[in-house]
Amino acid sequence: MATTIASALTDLLLTPELPLATAIDRHFAPDYRQRTDGVWADRAEFTSHIAHLRTVVADGVIHVHEEVAEEPVYAERHTIHVVKVDGSTTSHEVYVFAERAPDGRFVRLEEVTLMLAGAEADRGLGSAR
């Protein structure tokens, strides 16, 4: 079954009991790479980013606005509302264009983030490590 951004984010950020390596392997191919707001990261850098976010994010809600797939191409727009461990909140709208590997996992993902609410320090949350 092909992965989606909502299922990946749920496993990565909103299911803390799921080991990070399991969540990464479930949704991302071994040669995965991602560009967020113009900055490229390989799979190891992406894993470091998610490990950091797991120390920051306490809870959240993902609202998918549009989602289109014509394999192997995938596009999606979502808003993520996050409650951080310090109790503060932030919301980001995210535009995603991606490519899936034949097994349905993401092999490449390019995203642009737009902060809708939150502290100025939250603006770079999409690529924080």
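What covers the buried residues of α3? Here are some friendly notes on that helix and on one arginine.

1. This is a predicted model, in which local features need pLDDT of at least 70, side-chain atom pairs count only at pLDDT 80 or more, and totals for chains, interfaces and linings use all residues. Residues are numbered from 1 along each chain as its sequence is written, and side-chain values use heavy atoms, leaving out hydrogens and water.

2. The cover over the buried residues of α3 includes α1 (5-13), α2 (20-27), β1 (28-36), β2 (39-42), β3 (57-70) and β4 (73-84). Contact here means heavy atoms within 4.5 Å.

3. R43, F46, H49, I50, L53 and V56 are the buried residues in α3 (buried is under 20% relative accessible area, exposed over 50%, partly exposed in between, with a 1.4 Å probe and protein chains only). They sit on the same side of α3, because they cover an arc of only 130° around the axis (taken from the directions from the helix axis to the C-beta atoms). Exposed A44 and T55 lie on the face turned away from that buried side.

4. D11, L12 and L13 of α1 meet F46, I50, L53 and R54 of α3.

5. R100 belongs to strand β5 (residues 89-100) and counts as buried at 6% relative accessibility. A polar atom of the R100 side chain lies 2.6 Å from the backbone oxygen of T3. Beyond neighbours within four places in sequence, the contacts of R100 include A69, Y74 and F106.

Conventions: Helix = DSSP H or I, 4+ residues; strand = E, 2+ residues; numbered from the N terminus. Polar contact = N/O pair within 3.5 Å; in protein donor to acceptor, adjacent residues only side chain to side chain.
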